[in-house]
Amino acid sequence: MKSLLLLVATLATVTSTLHSSTTCDGGIAHLRCPSGYYVSIIYARYGRTNSETCYHQARRDTNCGSVWDSLIEVRLACQDRQACWISASHTVFGDPCPGTYKYLSVLYFCSTRRKSTLNCSI
């Protein structure tokens, strides 16, 4: 347990402010960090969770999208880069809710460490 607490404390010291990005369907998300810092994705979701964000008439499903699948795609495109672009589109993420206008939500830190990996051994 002490190792886990040390890991959390260490991670907290190498990251800066939490950034958020919301990109409406068809747009391009641009994630960026200052020189010497790298994108570290902590959350991503392509879909819809409310009727207000990216307002559109086609919003019948307000509880759709896969966090896990979205997280994988955004990390593949952006993790450990200083800047990246990713399209908020069903061609990238699939279509989690057909007939509903979607958006991409991303939360990330800018970290001074590149290639932040976690090795666990028992």
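Me: Which hand does the disulfide of C78 and C84 have?
Reply: Right-handed, because the torsion about the S-S bond of C78 and C84 is about 95°. The model is a predicted one. In it, the S to S distance between C78 and C84 is 2.0 Å.

Me: C78 and C84, buried or exposed?
Reply: C78 is buried, and C84 is buried as well.

Me: How many disulfides does the structure hold?
Reply: Four.

Me: What's the pairing, with the bonded cysteines numbered in sequence order?
Reply: The pattern is 1-3, 2-8, 4-7, 5-6.

Me: Take C24. Which residue does a disulfide join it to?
Reply: C54. The S to S distance is 2.0 Å. The torsion about the S-S bond of C24 and C54 is about -90°, so this disulfide is left-handed.

Me: And where do C24 and C54 sit in the chain?
Reply: C24 is in strand 1, residues 19–24. C54 is in the loop between strand 3 (38–48) and strand 4 (64–65). They are 30 residues apart, and the pair links distant parts of the chain.

Me: What about cover? Why does C54 count as buried?
Reply: Because its relative accessibility is 13%, and buried means under 20%. C24 is at 31% relative accessibility, so C24 counts as partly exposed.

Me: Next, C33 and C110. How far apart are their sulfur atoms?
Reply: 2.2 Å, and the two form a disulfide. The torsion about the S-S bond of C33 and C110 is about -85°, so that disulfide is left-handed.

Me: Which parts does the pair of C33 and C110 tie together?
Reply: C33 lies in the loop between strand 2 (28–32) and strand 3, and C110 in strand 6 (residues 103–111). So the pair ties together parts that are 77 residues apart in sequence.

Me: C33: buried or exposed?
Reply: Buried, with a relative accessible area of 8%. C110 is buried too, with a relative accessible area of 1%.

Me: Switching to rings. How many aromatic pairs does the structure hold?
Reply: One. Y46 and F93 make the pair, and it is stacked. The rings are 5.0 Å centre to centre, with 20° between the planes.

Me: Why does 20° between the planes go with stacked?
Reply: Because planes under 30 degrees apart count as stacked.

Me: Where do Y46 and F93 lie?
Reply: Y46 lies in strand 3, F93 in helix 3 (residues 90–93). So the pair ties together parts that are 47 residues apart in sequence. Both Y46 and F93 are buried.

Me: Now the surface. Which residues make the nonpolar patch?
Reply: W68, I72 and L76. The patch is about 360 Å².

Me: Where is I72 found?
Reply: In helix 2, residues 67–78. I72 is partly exposed, with a relative accessible area of 36%.

Me: Whole protein, then. How many helices and strands?
Reply: Three helices and six strands. From the N terminus on, they run α-β-β-β-β-α-β-α-β.

Me: What share of the residues is buried?
Reply: 31% of the 122 residues. The accessible surface comes to about 7700 Å², and 55% of that belongs to carbon and sulfur atoms.

Me: And contacts? What percentage is between residues 24 or more positions apart?
Reply: 80% of the contacts with a separation of 6 or more.

Conventions
Residues numbered from 1 in each chain as written. Predicted model: local features only at pLDDT ≥ 70, side-chain atom pairs only at ≥ 80, totals over all residues. Heavy atoms only, no water. Patch = residues over 30% accessible without salt bridge, like charges linked within 9 Å, V, L, I, M, F, W, Y side chains within 5 Å. Areas by Shrake-Rupley, 256 points an atom, 1.4 Å probe, with all protein chains shown as cover. Salt bridge = Lys/Arg side-chain N within 4 Å of Asp/Glu carboxyl O. Helix = DSSP H or I, 4+ residues; strand = E, 2+ residues; numbered from the N terminus. Buried < 20%, exposed > 50% of the residue type's maximum accessible area, 1.4 Å probe, protein only. Disulfide = S-S within 2.5 Å. Phe/Tyr/Trp six-rings, centres within 6.5 Å; stacked < 30°, edge-to-face > 60°. Contact = heavy atoms within 4.5 Å.
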